[in-house]
Amino acid sequence: ALRAAEMGTWSIDVGTGMISPDPSILRLFELDTADTAPRPMEQFASRIHPDDAPRVNQAMAKALRGEASYRAEYRLMLPEGRIRWLS
């Protein structure tokens, strides 16, 4: 269902900053789907459009502090200059 809806899930270890993605989120970020092991948050953050990164980082920081639920809409910079919107 996640793949058909082009949705994905992930969780973050707040102590280490490692993200555990499911294959669907890896497909959306165009990362290797064969390896679903936890990855550094920076690997995902590096794909966020530079104009959107400050807002996304702020939303993540608020969520990690328990001040708000994480919600963000942003662009990904994919290989070959392609852009994908995520929400």
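## Report on a predicted 87-residue protein

Buried residues, meaning those under 20% relative accessible area, make up 30% of the 87 residues in the protein. Residues are numbered from 1 along each chain as its sequence is written, and side-chain values use heavy atoms, with hydrogens and water left out.

**Overall fold**

The protein contains three helices and five strands, arranged along the sequence in the pattern β-β-α-β-α-α-β-β. These elements are DSSP runs numbered from the N terminus: helices are H or I with at least four residues, and strands are E with at least two. The C-alpha atoms fill a box of roughly 30 × 30 × 25 Å along the principal axes. Of the contacts (heavy atoms within 4.5 Å) with a separation of 6 or more, 28% join residues 24 or more positions apart.

**Aromatic pairs**

Rings of Phe, Tyr and Trp (its six-membered ring) pair if their centres lie within 6.5 Å; planes under 30 degrees apart count as stacked, over 60 as edge-to-face and the rest as tilted. By this rule there are two aromatic pairs.

| Pair | Centre to centre | Angle between planes | Class |
|---|---|---|---|
| Tryptophan 10 and tyrosine 70 | 5.7 Å | 75° | edge-to-face |
| Phenylalanine 29 and phenylalanine 44 | 5.2 Å | 85° | edge-to-face |

Tryptophan 10 lies in strand β1 (residues 10-13) and tyrosine 70 in the loop between α3 (53-64) and β4 (74-77), so this pair ties together parts that are 60 residues apart in sequence. Tryptophan 10 is partly exposed at 33% relative accessible area, and tyrosine 70 is partly exposed at 28%. Phenylalanine 29 lies in the loop between α1 (23-28) and β3, and phenylalanine 44 in helix α2 (residues 41-45), so their pair links parts 15 residues apart in sequence. Phenylalanine 29 is buried at 4%, and phenylalanine 44 is buried at 7%.

**Arginine 39**

Arginine 39 lies in strand β3 (residues 39-40). A polar atom of the arginine 39 side chain lies 2.8 Å from the backbone oxygen of aspartate 32. Beyond four places in sequence, the residues that arginine 39 touches include Ile19, Leu31 and Phe44.

Proline 23 is placed in helix α1 and is partly exposed at 36% relative accessibility. Its C-alpha atom is 6.6 Å from that of threonine 36, 13 residues apart along the chain.

Glutamate 30, in the loop between α1 and β3, has a positive phi near 55° and is partly exposed at 28%. Glutamate 80, in the loop between β4 and β5 (83-86), has a positive phi of about 65° and is exposed at 77%.

Terms used: This is a predicted model: local features need pLDDT of at least 70, side-chain atom pairs count only at pLDDT 80 or more; totals for chains, interfaces and linings use all residues. A polar contact is a pair of N or O atoms within 3.5 Å; within protein, one must be able to donate a hydrogen and the other to accept it, and residues adjacent in sequence count only if both atoms are side-chain atoms. Buried means under 20% relative accessible area, exposed over 50%, partly exposed in between (1.4 Å probe, protein chains only).
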